[in-house]
Amino acid sequence: MKTSKYLVKPGDNIDLNKVDADEHHIYKGDKETALAEIKLLNLELDKLQKVQHAEKKHKILIVFQGMDASGKDGAIRNVFNSVNPSGVYVAHFGAPSRDELSRDFLWRIHNKVPAKGEMVIFNRSHYEDVLIVRVQKLMPKLVWQNRYKHINDFEQMLANEGTSIYKFYLHISNDEQRRRLQSRINNPDKHWKIDPNDFKDREKWGDYLEAYNDVIIKTSTNWAPWYIIPANKKWYRDLLISNILVTELSQLKMKYPSPKADYTGMVIK
Ligand code: ADP
């Protein structure tokens, strides 16, 4: 699959209002064949992560952002369901605590970045500090406006120090969000997932889309690129993410450490 269509290059002119969240163009199969393919890709991802964990050289950071109900949890569950849990961590960033708020916005983020041999998945991230903070006016404009530069500098520092960064924006339509939030209401087992703020945020859909648009334009860099993933169809979302990760991680040319001696043919007494 030619996934480069979804990669945002620095200087690309993005208009999220024009991005079709239902689109599934570059895949010729259907949902059933896609699910089988995702299974195979997930096994590939497992192999790559095994080598990464053994080699202890690369640090891999994968960022997930998207509106409420865009499928961040689901994508993480489906894409990483075959990897070895040791060496893979998910960091979820909710509203900051008082302690976190009394430091700079990157303090809690930096604390969770991957070590050598680790793969860390951010479910929400430092991007909330230029999204909800901007839309809900939690800080003055002057403060959040400076953060794009701080974010680019921070990510560049991580990249220079050996972290590979991949960022996924899960793009759903307004209608799809309504359907998903409604289905949570219709299913009492999902009521725990409902946050009254989701409805408040939904009223500001246009403001969020504009904020996401700015984030993607200002922070898709060569060292930490964004991918815009059409996410109305969950299977297409997962297929794209798995594909991109397997392709990108394969290019890191990771390998198992060399053995401490030549053990070929050795028989244990
Ligand atoms: P979920 O990610 O499943 O929605 P939560 O119910 O914990 O999980 O919601 C996280 C909430 O925390 C979101 O509304 C998000 O916008 C908010 N949040 C995350 N980071 C920040 C931040 N830096 N400042 C303010 N709110 C934040």
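Student: What covers the buried residues of H1?

Tutor: In this predicted model, the cover over the buried residues of helix H1 includes strand S2, helix H2 (72–79), strand S3 (88–92), strand S4 and helix H10.

Student: Which residues of H1 are buried?

Tutor: The buried residues of H1 are Ala34, Ile38, Leu41, Asn42, Leu45, Asp46, Leu48, Gln49, Val51, Gln52 and Glu55.

Student: What happens just after H1?

Tutor: Just after H1 comes Lys56, which takes a positive phi of about 50°, and that is a positive value in a residue other than glycine. Lys56 sits in the loop between H1 and S2, and it counts as partly exposed because its relative accessibility is 44%, between the limits of 20% for buried and 50% for exposed.

Student: Where else is phi positive in a residue other than glycine, say at Arg124?

Tutor: Arg124 has a phi near 70°, again a positive value in a residue other than glycine, and its place is the loop between S4 and helix H5 (132–135).

Student: Back to S2: why is it described as largely enclosed?

Tutor: Strand S2 covers residues 59–66, and eight of its eight residues are buried, so the strand is largely enclosed by the rest of the structure. Lys59, Leu61, Val63 and Gln65 point one way from S2, while Ile60, Ile62, Phe64 and Gly66 point the other way, and all of them are buried.

Student: Does S2 run parallel or antiparallel to S5, and how many bridges join them?

Tutor: S2 and strand S5 (residues 163–171) run parallel and are joined by eight bridges; within that pairing, Val63 stands opposite Lys167 of S5. S2 also pairs with strand S4 (residues 119–123), in the parallel sense and over five bridges, and there the bridge partner of Ile60 is Met119.

Student: Changing topic, which residues make the nonpolar surface patch?

Tutor: Tyr263, Met266 and Ile268 make a nonpolar surface patch of about 400 Å². Of these, Ile268 lies in the segment after helix H10 (234–250).

Student: Is Ile268 buried or exposed?

Tutor: Ile268 is exposed, because its relative accessible area is 76%, and the cut-off for exposed is over 50%.

Note on methods: Residues numbered from 1 in each chain as written. Predicted model: local features only at pLDDT ≥ 70, side-chain atom pairs only at ≥ 80, totals over all residues. Heavy atoms only, no water. Patch = residues over 30% accessible without salt bridge, like charges linked within 9 Å, V, L, I, M, F, W, Y side chains within 5 Å. Areas by Shrake-Rupley, 256 points an atom, 1.4 Å probe, with all protein chains shown as cover. Salt bridge = Lys/Arg side-chain N within 4 Å of Asp/Glu carboxyl O. Helix = DSSP H or I, 4+ residues; strand = E, 2+ residues; numbered from the N terminus. Buried < 20%, exposed > 50% of the residue type's maximum accessible area, 1.4 Å probe, protein only. Pairing = 2+ DSSP bridges. Contact = heavy atoms within 4.5 Å.
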